Amino acid sequence: MNLTLLMYLIPSLIMFGCGVYGFLTRKNMIAIMISLELMLNSIDINFVVFNRYLFPGQMEGMFFTLFAIAIAAAETALALAIIINVFRIAKDVDINKINKLKF
Amino acid sequence: MESVGNIIMYFVIALSIIVFSVLTVTTRKILRSATYLLFVLFATAALYFQMDYPFLGAVQIAVYAGGIVVLFVFSILLTQRPGDDAAQLISTRRWLGAVAAIAGVGVTGYALFSYAKFCGKQLPAMGDIDMATLGHFLLSTDKWGYLLPFEAVSVLLLACIIGGVVIARRR
């Protein structure tokens with residue numbers, strides 16, 4: 001039995017699907033951020049797996065994943081700061097109750 | 001032909017990624033959701049180790065599992081009363097989300113399996129990537145150098161620090 005490229009892409013695909021589901025159905029802003037992390041993580045897996053299987057001597061996918069991890073960390077830190085600030089003002093993190101900018 | 005240990009390790013990683021990512025988005029308690037996310041990130045780090053990228057696995061554990069999950073737990077505890085469930089979802093939105101996710105997974109999975117004959121080759125051999133070559137690639141301006149994105153990321157982190165200070169400052 002061989003471990004092929006396809007076998008590594010299937011968990012990544014399911015992880016991305018879970019992220020999409022959570023992103024669309026969750027109402028808590030922090031839960032939405034967690035779903036976003038799932039999606040970003042599955043993309044990182046794809047970069048690494050394609051790099052490893054198709055271009056094993058080179059490091060493009062690895063560096064893309066490295067930069068994606070750094071940018072995702074910065075983005076999450078800033079988003080959580082914004083969420084905590086919103087909670088301080090509105091006393092809630094439910095996206096259906098924070099709609100002052102909507103209309 | 002792979003070694004048996006490698007195959008067992010693959011199934012452990014793949015199963016834990018699938019099970020824990022489904023649990024992350026379906027559980028009712030948000031703190032449990034963050035914990036399952038931690039398990040998913042650990043399984044991803046194990047996958048990087050299995051792919052012979054030990055540096056990437058270490059970065060994944062240090063940044064994601066060590067930094068981001070702690071941030072998540074802190075902000076959950078700051079914004080949530082203990083024992084609080086996520087409020088009941090509206091059924092139409094849940095169906096909408098499920099249909100969108102399943103349709104996306106179905107289309108992409110069909111595309112994957114229709115090209116499965118190109119994905120049949122096994123893991124090619126690769127030498128170890130030592131830190132010296134990695135650092136040379138990261139700080140060179142040659143053809144495969146990454147100095148510009150490296151500096152761009154450092155400027156981005158600086159902007160992120162300033163933004164975090166400005167946002168979190170008490171007025």
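Visitor: Is A:Lys91 buried or exposed, and how many other C-beta atoms are within 10 Å?

Guide: Please keep in mind that this is a predicted model. A:Lys91 is exposed, because its count is 9 other C-beta atoms within 10 Å and a residue with 12 or fewer is called exposed.

Visitor: Where is A:Lys91 in chain A?

Guide: A:Lys91 sits in the segment that comes after helix H3 (60-90) of chain A. Its backbone has a positive phi of about 60°, although A:Lys91 is not a glycine. As background, most residues other than glycine have a negative phi.

Visitor: OK, and what about B:Asp52, what is its phi?

Guide: B:Asp52, which is not a glycine either, has a positive phi near 65°. You will find B:Asp52 in the loop between helix H2 (30-50) and helix H3 (54-79) of chain B. It counts as partly exposed, because it has 16 C-beta neighbours inside 10 Å.

Visitor: Switching topic, how many residues of chain A are in contact with chain B?

Guide: There are 58 residues of chain A in contact with 71 residues of chain B. On the side of chain A that touches chain B, helix H1 (5-25), helix H2 (29-54) and H3 of chain A each supply at least two residues, and H3(A) gives the most, with 20 residues. By type, the residues on that side of chain A are 42 nonpolar, 12 polar and four charged.

Visitor: And how are H1(A) and H1(B) oriented to each other, parallel or antiparallel?

Guide: The axes of H1(A) and H1(B) cross at roughly 5° and come within 9 Å, and the two helices are therefore roughly parallel to each other. The residues that meet there include A:Met7, A:Pro11 and A:Ile14 in H1(A), and B:Tyr10, B:Ala14 and B:Ile17 in H1(B). The residues of this contact divide into 12 nonpolar, three polar and no charged.

Visitor: How many residues does the largest nonpolar core have?

Guide: The largest nonpolar core has 57 residues, and A:Ile34 and B:Val40 are among those with the most contacts inside it. H1, H2 and H3 of chain A, together with helix H1 (4-26), H2 and H3 of chain B, each supply at least two residues of this core.

Visitor: Which residues is A:Ile34 in contact with?

Guide: Leaving aside neighbours within four places in sequence, A:Ile34 is in contact with A:Gly22 in chain A, and with B:Thr24, B:Ser33, B:Ala34, B:Leu37 and B:Phe72 in chain B.

Key
Residues are numbered from 1 along each chain as its sequence is written. Chains are lettered from A and ligands numbered from 1 in the order in which they are written. This is a predicted model: local features need pLDDT of at least 70, side-chain atom pairs count only at pLDDT 80 or more; totals for chains, interfaces and linings use all residues. Helices (H or I, at least four residues) and strands (E, at least two) are DSSP runs, numbered from the N terminus. A residue is buried if 20 or more other C-beta atoms lie within 10 Å of its own, exposed if 12 or fewer, and partly exposed in between; C-beta atoms are placed from the backbone. Two residues are in contact if their C-beta atoms, placed from the backbone, lie within 7 Å. Ala, Val, Leu, Ile, Met, Phe, Trp, Tyr, Cys and Pro count as nonpolar, Asp, Glu, Lys and Arg as charged, and the others, Gly among them, as polar. A nonpolar core is a set of buried Ala, Val, Leu, Ile, Met, Phe, Trp, Tyr and Cys residues joined through C-beta atoms within 7 Å. Axes are lines fitted to C-alpha atoms, for helices over the stretch in contact, and angles run from 0 to 180 degrees between N-to-C directions. Angles under 35 degrees count as roughly parallel, over 145 as roughly antiparallel, 65 to 115 as roughly perpendicular and the rest as oblique.
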